[in-house]
There are 2 protein chains.
Amino acid sequence: MSRATVFAPGSIGNVGPGFDVLGLAVEGIGDRVTVELTAREARVADVTGRDADLVPRDPAKNVASIAAAAWLRDAKIDMRAIVSIDKGLALAGGMGGSAASSVGGAFAASAAAGRQLDPQAIMTAALEAEATVAGRHLDNIAPCVVGGLALVRSVDPVDVVAIPVAANWGIVLLTPHVRIQTKAARAILPELWDRASWIQQMANTAALLHAFTTGDESLVRRSLDDLYAEPVRAGLIPNFREVKRAALDAGALGCSISGSGPTIFAITRDLDARCADAMKRAMRDVACDLHIGPIAREGVRVL
Amino acid sequence: MSRATVFAPGSIGNVGPGFDVLGLAVEGIGDRVTVELTAREARVADVTGRDADLVPRDPAKNVASIAAAAWLRDAKIDMRAIVSIDKGLALAGGMGGSAASSVGGAFAASAAAGRQLDPQAIMTAALEAEATVAGRHLDNIAPCVVGGLALVRSVDPVDVVAIPVAANWGIVLLTPHVRIQTKAARAILPELWDRASWIQQMANTAALLHAFTTGDESLVRRSLDDLYAEPVRAGLIPNFREVKRAALDAGALGCSISGSGPTIFAITRDLDARCADAMKRAMRDVACDLHIGPIAREGVRVL
């Protein structure tokens, strides 16, 4: 096989307190990437779907192409990738769109070369692409590759732990139609932080991870609390506080900003259309997209 | 019953990266506290054992008495405590000595009043005592009460999660005969910390917790790495780096400072006298105490 199409799921980055550390893959929404291997020049053959107009056609600037090329180089395969992308995720929506395209590019190249999924190699190649647009972090790449909840223990070297999730919780993603650049959303965050605050953030992150492995709903409610990015970034997202209030009032276990926003996520006890409606209503007259889905148990996969 | 004797185990505070957040109870070493209830005045009847000379006899300054009185007040029991303490733990050794005496005082008072263990009430009362000598933190109190590995999610309000430990790892505690005051050891720590560092610390703490629940030895090795307190406090402990090197070379899964020191702890795959010997030899001519024991599965208990 010298051609493969894969599906790379969207993901919540910065899950609550787990800034740069916890990511959660979401089922039913993602990017579809096809790679055909060629002995000739790399190129982007086609881009369709969400934000297609904004996706670079220059393979040196397209994350799927960059990741595919990085994987081929690391695997010492002297071929180039012809990439086609069908985007289900917005480019800067906070749902891991660039990570999904990156992972999709790397994994489609490897599948086209007949290889089984090697998570470490795919993450390493995808990171090289992601770093060009969103910074050198793995909290979207990791869940997109391994599925479920992913703990990023280290970026250099890449060290990711797939965390078993005990419960069938649902996820609501609400994306208002405003654009936030990942780099800009990072620039407003404080460089230095006081001891009491990071210790609280650390305690919440460890507790949240444990809540996922045990299915402890009460512990999610207590620990899904981001003291670092959410207070600063909330102001970038229209009606954020009202939407969060509505989600929690409707019974969500937790609600915060996905990645650097503007997507707002809520974790719910099951697929919860009522909670999603409450969140959408709280967004009032701001146009937005809504997605409800389970946690993606599997990460990137061949179609 | 108006009299009870309890055993409160020692504990490792600040387990690796889990500063103020992770504590681990150690079997076979601890404080024994007896409380007799009286309608007359509170008093400290007797103090024996380790550092007995340094333990205050004034009940207003003795942590076991303070904790017993706090528990009695919270339980609305109009009695006073006559306290006797047999200390197995040094006063400022970094093995949770003050926490054990505090927990012992509160729990002995409750047992003397015929009550079953109420972890929340015991931790709250013990915290009041611990705060007078070592600051307002729970990372020794929590494991001393609930046993095993304890996650302190919050101090105000008290929110502690008992983390199931999958493996029968051993613990080595090596305590050189130097004295470090908890408050002084805290004063040398930076108040502000940069983002990359606390994110790495947070990732390591979450990973270490997960390693305990899964018994993942390799993950302990990668994540038991304290970037915050250890680099600063290492200089307060004679031969720390040599002892740590010796522990890791002897196969320990991890080695760091217990609490604010001077005790050095190592986690080993089982009870490992060879590792303990290697650590003691690396301490060279500095006098020290050595303890080898399993993780204490149970916390404070009636004798």
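Predicted model: local features only at pLDDT ≥ 70, side-chain atom pairs only at ≥ 80, totals over all residues.
Residues are numbered from 1 along each chain as written, and chains are lettered from A in the order in which they are written. Local features need pLDDT of at least 70, and side-chain atom pairs count only at pLDDT 80 or more, while totals for chains, interfaces and linings use all residues.

For the complex, the predictor gives an ipTM of 0.96 and a pTM of 0.97.

Within chain A, the axes of helix α9 (residues 240-249) and helix α10 (residues 273-282) come within 8 Å and cross at roughly 155°. Helices here are DSSP runs of H or I with at least four residues, and strands are runs of E with at least two. Axes are lines fitted to C-alpha atoms, for helices over the stretch in contact, with angles from 0 to 180 degrees between N-to-C directions. The crossing angle therefore makes α9(A) roughly antiparallel to α10(A), a term for angles over 145 degrees. The residues in contact (C-beta atoms, placed from the backbone, within 7 Å) include A246(A) of α9(A) and M279(A) of α10(A).

Between the chains, the contact takes 30 residues from chain B and 30 residues from chain A. On the side of chain B that touches chain A, α6(B) gives the most, with 13 residues. Strand β8 (residues 192-194) of chain A pairs with β8(B) in the antiparallel sense over three bridges; pairing requires at least two DSSP bridges. In this pairing, L192(A) stands opposite D194(B).

Methods
Parallel < 35°, antiparallel > 145°, perpendicular 65-115°, else oblique. Contact = placed C-beta atoms within 7 Å.
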